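Subject: Structure for you to look at

Hello,

Here is the structure I promised. Please open it and keep it beside you while you read the notes below.

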Amino acid sequence: MNNTEKIKKSLNKRYRKEKRFRLLSLLAVLTGFACLFILLVDMIIKALPAFIQTEVKLDIHFDQEKLELAAHFEPEELQNANFRGLIKQSLQQRFPTVRKRSDKRALMRLISVDAEYQLRDKLQAEPQLLGETVPIWLLVDDDVDTYLKSDKQFGRVSQKQIAWITELEQQERFQKRFNYWFFQTGDSREPELAGILGAVMGSFYTLLVTLLLSFPIGVMAAVYLEEFAPRNRWIDLIEVNINNLAAVPSIVFGLLGLAVFINFFGVPRSAPLVGGMVLALMTLPTIIIASRSAIKAVSPSMREAALGLGASKVQVAFHHVVPLAMPGILTGTIIGLAQALGETAPLLMIGMVAFIVDIPQGVTDAATVLPVQIYLWADSPERAFVAKTAAAILVLLLFLVAMNGLAVWLRKKFERMF
Amino acid sequence: MTTTNIEQKVNETWGKPFVDNAKISIRNMDVFYADKQAVFDVNLDIAKHEVIALIGPSGCGKSTFLRCLNRMNDTIPICRVAGDISLDGENIYDTNMDPVLLRARVGMVFQKPNPFPKSVYENVAYGPRLHGLALNRAELDDIVVTSLKKAGLYNEVKDRLHSIATGLSGGQQQRLCIARTIAISPEVILMDEPASALDPIATAIIEELIDELRKNYTIAIVTHSMQQAARVSQRTAYFHLGRIIEVGETSQIFTNPQHELTENYITGRFG
Amino acid sequence: MNVSTLLVTLVALALFSYVFGKQRALSIAKHNRRRLHSIPSYYGYMTALWCGLPALLLLFLWLCFETVVIEQLLIASLPSDIQSLSSGQLSLVLNDLKLLATQDLMDSHTEPMKREAVQYLLSMQATSHSLRTILVLVLAFAGAAWGLSRVIGKTPARIWVEKVVLFFLILSSTVAILTTIGIILSLLFESHRFFGEIPPQDFLFGTKWSPQTALRSDQVGSSGSFGAIPLFLGTLLISSIAMLVAVPIGLMSAIYLSEYASPVFRSIAKPVLEILAGVPTVVYGFFAALTVAPFIRHWGETIGLDVASESALATGLVMGIMIIPFISSLSDDVISVVPQALRDGSYSLGVTQSETIRLVVIPAALPGIIGGILLAFSRAIGETMIVVMAAGLSANLTINPLETVTTVTVQIVTLLTGDQEFDSAKTLAAFALAIMLFISTLILNIIALYIVRQYREEYE
């Protein structure tokens with residue numbers, strides 16, 4: 001048997017192996033796709049209920065006596081009036097057979113604790129309603145909401161409550177509407193009241209601080225390293241440092257913030273200021289590395305032309321090199337900020353994990369950020385928070401997609417210039 | 001002679017492109033890279049147990065031509081070959097032709113030595129092992145030693161068969177690549193400027209080796225050096241801008257070229 | 001004036017100084033162009049810098065040391081019996097006083113001593129604030145005046161301004177080094193205090209981790225033991241599972257994308273895979289805790305296995321998904337560096353593509369791939385959110401992936417979130433854990449970067 005025949009004989013088996021290997025590697029790529037697909041679909045399915053909120057229609061009699069208001073009352077007294085009593089009264093009229101105290105309490109638990117404030121706001125806006133009986137849509141409690149959304153497969157409502165819910169349902173007193181509330185409020189212990197606006201604003205202020213610190217420092221450092229730095233050991237050390245910082249676990253930056261910024265310099269805890277400072281340190285390597293490669297890409301002839309016209313090195317750097325490198329620098333900055341927006345662990349270390357209801361108004365107010373809000377909600381026992389968490393995740397992903405899209409657009413737009 | 005005269009004469013091949021005992025025969029071969037044509041209507045026979053030298057100025061398509069003879073150009077997606085090329089009468093671009101098997105029959109040595117970053121032994125044993133040419137370790141050892149001996153490298157590396165091949169000198173690396181090729185006993189060996197990256201002494205050794213290998217193999221060698229072509233080959237083909245201008249006995253091409261362009265090239269007027 | 005108003009005022013003053021400086025230079029130039037060393041706007045910059053920089057520096061220093069100084073003064077004013085308290089108790093008292101001061105919580109029940117201290121604190125704060133405003137503004141005006149007086153023809157304003165600019169460039173470039181030093185010092189300092197209480201060998205080689213220090217001495221099992229071996233083992237277990245998932249999938253993906261895929265498929269598939277790397281880790285944590293872990297538990301039950309609800313397997317699996325794109329893009333990079341000549345050499349011997357990949361390309365790229373894997377591994381052990389949300393808290397000494405384990409990062413988060421006083425061994429332990437984490441990732445990174453650089457130099 002000569003060599004050609006021997007090789008021919010071996011080839012069948014080898015081609016089968018070839019096919020198997022190729023298939024296997026394609027499968028690996030598809031597995032990656034599948035993971036991404038499952039992750040996204042899972043989030044969307046879980047998030048959908050959060051965008052819908054159930055309301056119940058109750059006939060409310062704005063009874064001055066029940067409200068515990070005198071015949072003539074000051075507008076401020078309305079703040080502390082007994083609106084809860086109105087709801088109680090209305091429910092009792094609807095379900096007159098409920099007598100036991102515990103049952104009455106269970107009945108009240110069908111309605112969100114926020115309902116009384118809804119009534120107060122309504123009366124403040126329309127004072128002529130006093131003494132009238134009007135049907136009003138009120139928020140239901142999250143347990144009822146979840147029960148109605150989950151095809152009645154949810155165990156946190158009692159048999160009695162189910163009976164009442166069914167009765168209300170038969171009278172068509174439930175309606176589902178888009179949950180705009182979710183985008184308008186801060187955090188709450190009650191899932192039906194919790195919103196992400198507080199966290200979004202917290203993220204905004206934090207990223208603002210991050211941008212204001214890391215962008216100038218990063219660009220200046222990159223300009224120095226590319227345009228001015230001598231080649232010596234000190235510069236080598238800086239470069240090694242930058243590369244290493246890019247790979248230090250994020251939680252370590254949180255500890256740095258805790259030990260240095262908070263305990264040593266006394267920067268207020270839980271505030272976007274300290275969060276932004278920590279994230280700025282984390283973002284710096286990304287910005288420096290991106291800016292350096294953008295600056296490197298500016299053709300040397302540009303520098304020589306300017307130097308030849310008698311410009312100083314500083315003028316060359318800031319009048320010519322930096323403007324030309326700006327698209328690349330901005331792309332790197334946006335990518336760095338997108339990473340910072342998704343970062344959670346270091347912020348836990350500096351107290352941005354507190355429960356904060358108010359929407360922050362500035363960089364020194366206590367605040368939380370979107371990813372930390374997700375972490376907090378994911379930890380909450382109420383079933384309704386699962387949907388809220390997934391919805392917050394979708395919002396976060398949306399912001400990230402927008403930022404990365406902007407970076408890609410910038411790169412594409414200015415790609416042709418060079 | 002004016003330029004127009006030369007232009008008129010490039011469209012046909014001068015000399016004797018065809019032989020009786022052809023190992024590889026090429027008819028009307030065109031090669032394209034995307035829309036750009038690199039080789040134009042080449043007709044040539046390569047005889048059994050001969051060394052044919054392909055000479056010509058750089059960028060004339062001789063390397064492209066060579067790489068088409070064992071379908072190495074398959075790895076370049078934009079490359080397209082037209083015409084008939086047959087090995088022992090079988091069309092190598094036929095759908096039934098297995099490129100892997102073809103390459104086992106038509107080996108190739110490259111311009112820059114490219115040993116694998118493995119030991120000397122593993123470099124030579126690589127092909128035979130994959131093709132199942134040795135039944136056991138002893139047979140494999142035998143193939144490795146024989147191939148190294150044939151490549152004239154055995155005495156230099158017998159003490160370091162298991163040290164890494166990239167540590168050898170350039171000339172040794174190139175002979176290792178030849179040993180690697182002959183370890184699977186191909187019928188044809190294509191050499192793409194095998195000595196261009198080597199010093200004169202290493203080149204001389206390689207040239208001797210090529211002469212030695214002619215007994216068992218058919219060899220096509222692309223070279224920049226006319227002296228080398230004169231020393232190692234029996235026939236020579238001169239390429240110009242993707243065409244074969246003239247083919248003939250090496251002695252005849254170098255002493256008595258018939259085409260103006262060939263004469264210009266070998267007398268050093270351009271190239 | 002609060003800090004932000006002060007900052008805005010300073011910026012406005014600096015702008016005015018710029019205009020004045022430039023005007024003055026222009027008026028000199030009007031008489032004689034030759035008399036000016038630099039163009040007028042540089043005199044403007046110079047004046048603005050003189051106005052803004054010293055004032056900003058003063059403000060910055062004031063803000064840095066204000067709290068510390070006031071605290072020291074407050075302590076000095078307190079009765080001696082309080083002063084002699086231990087540092088932990090003293091800081092409790094101080095916190096109490098600060099809380100009273102900020103929240104205006106004093107009423108008739110507050111002890112007179114505290115009332116006095118709080119009033120003293122408030123008055124000091126008020127003094128500090130007004131003093132700060134006055135001094136900063138005075139310095140700004142003085143600086144501007146000095147700057148203006150220097151606007152004379154022979155002042156080399158451009159050179160002076162460029163020197164300042166260069167100083168700031170150098171300062172910016174040292175931030176990276178300062179950060180590293182800050183990390184090392186803060187970790188070393190706090191863990192030094194920890195090792196003062198707990199012997200290092202107990203921490204490094206102890207096998208029992210239960211960081212609850214006793215509230216009462218007679219409590220059972222709350223002596224607080226800080227043996228970190230279960231944490232190290234748990235971290236290794238979860239990271240190893242992650243690597244087992246990510247390395248084959250990532251490497252094979254890289255092979256498909258770089259060797260087999262058509263350019264069109266590659267240009268789509270690469271960014272899609274990289275989306276996986278851009279998903280925030282908190283999202284993976286949620287996915288692991290609420291989707292994957294219950295799924296695995298359920299699946300385990302159907303085949304009769306007892307799977308913990310916070311199993312290491314689920315956590316590691318999801319972490320692996322996160323790491324796939326790291327491995328694939330790093331491997332893709334190094335595979336594309338392997339010279340085509342090696343592939344050609346193999347193909348010319350009649351070797352199939354997969355044989356070439358397995359026997360030539362991958363071995364040649366191996367150093368680079370290993371470097372990438374080390375980087376990914378360092379990422380896995382430092383990963384926090386996935387494990388915090390999906391791994392457990394109980395420090396089991398096990399390598400069974402179906403059980404619950406805890407990791408170094410989980411414990412750091414647990415020890416430092418919630419209301420703990422800062423000085424207890426429990427919180428300091430977090431810093432000792434962090435320094436272990438920092439050192440191990442640092443070593444992994446340095447080795448990985450070194451290997452990758454060597455590898456690239458070999459082929460470039």
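First, a term you will need: a nonpolar core is a set of buried Ala, Val, Leu, Ile, Met, Phe, Trp, Tyr and Cys residues joined through C-beta atoms within 7 Å. Note too that this is a predicted model.

Now the cores. The largest nonpolar core has 280 residues. The residues with the most contacts inside this core are B:L54, C:A288, C:V318, C:L433 and C:A434. Helix α9 of chain C, residues 229-260, gives the most to this core: 16 residues. A second core is separate and has 26 residues, including A:V56 and A:L107.

Take a look at C:A288. Leaving aside neighbours within four places in sequence, C:A288 is in contact with several residues, among them C:A293, C:V318 and C:I386.

Next, chains A and C. On chain A, 66 residues are in contact with 71 residues of chain C. Helix α1 of chain A (residues 3-47) gives the most to that side of chain A, with 19 residues. The side divides into 47 nonpolar, 14 polar and five charged residues.

Last, the sheet. Chain A holds an open sheet of three strands, in the order β2-β1-β3, with antiparallel pairing. The edge strands are β2 (133-139) and β3 (174-178) of chain A. The twist averages 35° from one strand to the next. Five bridges join β1 (residues 52-61) to β3 in chain A. A:E55 stands opposite A:Q175 in β3(A). Helix α4 of chain A (residues 115-125) packs on the sheet and touches β1 and β2 of chain A. The direction of helix α4 makes about 135° with that of β2(A).

Best wishes

Technical notes
Residues numbered from 1 in each chain as written. Chains lettered and ligands numbered in written order. Predicted model: local features only at pLDDT ≥ 70, side-chain atom pairs only at ≥ 80, totals over all residues. Contact = placed C-beta atoms within 7 Å. Helix = DSSP H or I, 4+ residues; strand = E, 2+ residues; numbered from the N terminus. Nonpolar A, V, L, I, M, F, W, Y, C, P; charged D, E, K, R; others polar. Buried ≥ 20, exposed ≤ 12 C-beta atoms within 10 Å, placed from the backbone. Pairing = 2+ DSSP bridges. Axes fitted to C-alpha atoms, helices over the stretch in contact; angles between N-to-C directions.
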